Amino acid sequence: MLEITLTLTLSHEYVGEGIGSRNRRANAASLQSAAMARRPFGQQAMDEHTEAFLDQAQAARFDFKTASAKAAGDERLKLAVNNAVMRQYSGRSLALMQLPDADRLRTLAGQIKQHALDHLDYYLEQLKANVERNGGQVHFAADGADARRIILDLAQRANVKTAVKSKSMVSEEIDLLPAMERAGIETFESDLGEFIVQIGHDRPSHIVGPIIHKDRRSIAELFSQYFGTPYNDEPTALTMQARKFLRGKFRRADLGMTGGNFLVAETGQVCVVENEGNARQSITTPRVLVSLVGIEKIVPRLADLAVVLKLLARSSTGQHMTVYTSLFGGPRGAGESDGPEEFHLVLIDNGRSEILASDYRETLRCIRCGACLNACPVYRSIGGHAYGHVYSGPIGALITPLFQGLANFKELPQASSLCGACYEACPVKIDIPRHLINLRRDIVNQRLLGFWERTIYRLWAWSMLSPLRYAIVVRLQRWRLRRSARGSGWVTRMPKIASGWTQVRDMPAPAPRTFHQLWSDR
Amino acid sequence: MTQPVDVLARVRAALGRHAPLSAPPIPPEMDEPITRLVHSDFGLPELFARKAMENKIGVELVYVDELAERLIAFLRVQQVQRIALPVSPFLDKLGIPAAIADGGFFATRWDQMTLDALYDYDAAVTDVYAAVAETGSLVVRASPGHGRALSLVPPIHIAILQPKDFVPDLVDLLQKLRDDGVTSATSIITGPSKTSDIEMNLVVGVHGPTTVHAFVLQ
């Protein structure tokens with residue numbers, strides 16, 4: 001025990017890695033064999049790492065260390081992820097320079113979203129009244145089960161056979177698609193990336209680019225299998241194949257579904273941004289339209305959209321505007337011959353009101369641009385699936401524990417070097433690093449650390465709290481480390497608890513005299 | 001249904017309130033100098049043209065008397081046969097429907113066709129609600145004579161713009177939309193439909209038009 005405390009004194013920050021590394025290899029091996037054993041989609045295997053992570057995520061306690069270690073070792077994944085995020089990230093920097101004062105605009109956007117959150121009850125009521133005035137219906141859903149029930153009810157009442165949906169993170173959050181399919185409603189994701197996710201039984205790995213973990217070879221194989229056509233990995237050919245197929249679906253769909261980037265309280269409108277045109281298709285062709293949106297997406301005024309729209313596309317993909325920005329708030333108008341006959345806005349809470357009541361209210365400002373993912377050195381190394389839930393990257397590390405319970409995802413707040421790149425990138429200035437530190441505090445306060453880890457930290461803290469104890473510990477530690485570095489001058493092996501540190505690198509022996517000694521001899 | 005009460009009550013409790021606010025809250029003041037990018041009404045068609053071309057929207061600045069000729073030439077180059085049109089006094093006044101019919105194309109007005117039939121058309125020639133110079137965007141609003149699908153379903157969308165369509169900035173567009181009142185659907189179009197989902201390769205023409213072309217009247 002003493003030895004452990006000693007080691008901690010010099011290298012306490014590596015203790016997490018040390019504890020995890022013990023079983024890492026064994027876990028990775030068993031995960032791999034589990035992944036090999038299952039073939040969910042015909043003969044087509046899901047991406048091996050994807051499947052392994054999904055299994056992990058479904059386990060009651062998500063093992064982030066195993067998942068991230070495996071992802072970090074996957075060079076193909078790293079290459080694909082970096083190709084995508086680096087391009088978006090550099091595009092973002094250039095696009096923000098077009099603004100007169102990007103920093104102040106980000107502050108303003110944050111203030112607008114914060115104001116809406118601080119008065120959310122008022123704006124929700126205003127929104128509801130205005131949507132109803134536009135001829136739409138508003139449904140409040142307390143959680144995922146509630147939302148699924150409301151949407152399935154609506155679909156069944158309208159006798160819906162086929163549905164098309166456009167990309168929506170909140171629908172991923174509540175697993176809407178499988179629920180629709182189980183209810184016998186033929187449902188298609190129409191965003192190209194999400195369509196590929198759907199037919200591959202995969203999961204999105206990035207808020208904006210759902211399939212950045214996939215290369216064209218695996219997409220071409222998937223298409224060849226799904227459509228029964230010859231292999232062709234040319235991106236244009238693949239896209240046209242999906243276009244043709246999905247056009248047929250749009251033309252016949254009874255139900256269109258969208259999410260919503262913003263809800264405008266004063267006009268009762270949903271604002272959806274996209275590049276492909278599938279959300280526009282969803283609000284144009286089907287006779288019933290359902291928009292499922294989180295209650296936190298509100299902005300008070302139409303004018304506020306200028307602020308948030310100018311930041312959203314720039315932060316996300318480096319565009320100054322997405323190709324399509326649509327505003328809609330009700331069924332088709334009198335005399336119009338396209339657009340939905342009925343419009344339903346489903347506003348979902350699903351844990352948001354709890355976050356609203358907590359110290360983490362600010363995190364609900366998030367506009368899901370993905371800039372913090374692109375900026376994050378951890379995300380760039382492990383991709384999105386390793387985070388174990390729909391929201392990945394820094395914002396995922398923050399809101400997944402808030403949504404899904406800190407006890408189930410207590411590793412995520414630790415998966416950050418707190419470098420601050422996410423805060424720097426955030427268009428609504430959510431102080432992600434600060435909130436991650438607060439979550440770490442909660443982990444300690446809620447006694448979610450293991451007995452040994454807690455004891456070790458206690459002992460360490462105890463030894464640091466008095467100059468005498470500190471001096472003794474440092475002296476002992478130096479003596480021990482210098483002894484183990486005898487000969488080569490390098491410490492190559494540490495005791496069990498910190499062995500993760502020396503498994504991959506050596507540490508130089510401590511200097512013969514400490515800084516304190518040198519200082520007092522001065 | 002009891003849910004509405006439930007979620008709103010939860011939100012209110014989360015905010016530490018027991019009753020609705022007595023007065024409407026005052027949102028943060030709009031900071032125009034940092035939000036607005038275009039500060040003048042001068043040279044908007046030219047700015048629009050530059051920005052729209054960056055977005056891969058084709059732009060031709062034309063005079064009224066040469067519009068029909070240039071339009072027909074464009075339709076020929078694109079090998080268009082079937083053309084959909086909105087009900088538009090503006091296009092009628094310019095003689096567009098007549099010119100298209102004289103050019104030997106098959107043209108149908110929105111009020112004489114079904115949405116399903118539109119899927120078999122090659123192009124739509126439309127007017128717009130507005131055009132945003134800042135972003136090079138076309139803005140269309142659904143109305144009985146101008147279906148949402150017109151600028152979406154056919155592979156080619158051709159828009160005819162007149163000087164009074166232009167607004168300098170997104171800020172001005174939103175003000176105009178607010179002043180004109182809510183309609184069923186509005187779309188801001190900033191280029192042809194596109195995706196970069198597959199290995200970040202840009203592919204144009206996913207679910208919307210592959211070609212967007214604007215004739216700007218001078």
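Two residues are taken to be in contact if their C-beta atoms, placed from the backbone, lie within 7 Å. With contact understood in this way, 77% of the contacts in chain B between residues at least 6 apart in sequence join residues at least 24 apart. The model discussed here is a predicted one.

## Chain B as a whole

Chain B contains eight helices and 12 strands, and its C-alpha atoms fill a box of roughly 70 × 45 × 45 Å when this is taken along the principal axes. Of the 218 residues in chain B, 48% count as buried.

## The parallel sheet and its helices

In chain B, six strands form an open sheet with parallel pairing, and their order across the sheet is E1-E12-E7-E4-E2-E3. The edges are strand E1 (58-62) and strand E3 (106-109) of chain B, each of which pairs on one side only. On average, neighbouring strands of this sheet are turned by 20° against each other, direction ignored. At one end of the order, strand E2 (residues 82-85) of chain B is joined to E3(B) by four bridges, the two strands running parallel, and B:Ala84 stands opposite B:Thr108 in E3(B).

Helix H3 (residues 44-54) lies across E1 and strand E12 (211-217) of chain B, where H3 runs at about 155° to E1(B). Helix H4 (residues 64-77) of chain B lies across E1, strand E4 (123-126) and E12 of chain B, and the angle of H4 to E12(B) is about 165°.

## The contact between the chains

On the chain B side, 63 residues are in contact with 84 residues of chain A. Several elements of chain B each supply at least two residues of the side that touches chain A, among them helix H2 (32-35), helix H8 (170-180) and strand E9 (185-189), while H1(B) gives the most, with nine residues. The residues of this side of chain B divide into 34 nonpolar, 18 polar and 11 charged.

Pairing of strands also links the two chains: strand E9 (residues 324-328) of chain A and E9(B) pair in the antiparallel sense over five bridges. Within this pairing, A:Thr325 stands opposite B:Ile188 in E9(B).

## A:His119 in chain A

A:His119 is placed in the loop between helix H7 (102-118) and helix H8 (120-133) of chain A. Because 22 other C-beta atoms lie within 10 Å, A:His119 counts as buried, the cut-off for this being 20 or more. Not counting residues up to four places away in sequence, A:His119 touches B:Leu21 and B:Pro25. Although A:His119 and A:Pro300 are 181 residues apart along the chain, their C-alpha atoms are separated by 9.6 Å.

## The two sides of helix H14 in chain A

Helix H14 (residues 235-252) of chain A has 18 residues and reaches 26 Å from its first C-alpha to its last, close to the 26 Å expected at 1.5 Å a residue. The buried residues of H14(A) are A:Pro235, A:Leu238, A:Thr239, A:Ala242, A:Arg243, A:Leu246 and A:Phe250. Because they cover an arc of only 135° around the axis, these residues lie on the same side of H14(A).

An α-helix has 3.6 residues a turn, so residues three or four places apart point the same way. On the other side of H14(A), A:Lys244 and A:Gly248 are exposed.

Note on methods. Residues numbered from 1 in each chain as written. Chains lettered and ligands numbered in written order. Predicted model: local features only at pLDDT ≥ 70, side-chain atom pairs only at ≥ 80, totals over all residues. Pairing = 2+ DSSP bridges. Axes fitted to C-alpha atoms, helices over the stretch in contact; angles between N-to-C directions. Nonpolar A, V, L, I, M, F, W, Y, C, P; charged D, E, K, R; others polar. Expected span 1.5 Å × (residues − 1). Buried ≥ 20, exposed ≤ 12 C-beta atoms within 10 Å, placed from the backbone. Arc of directions from axis to C-beta.
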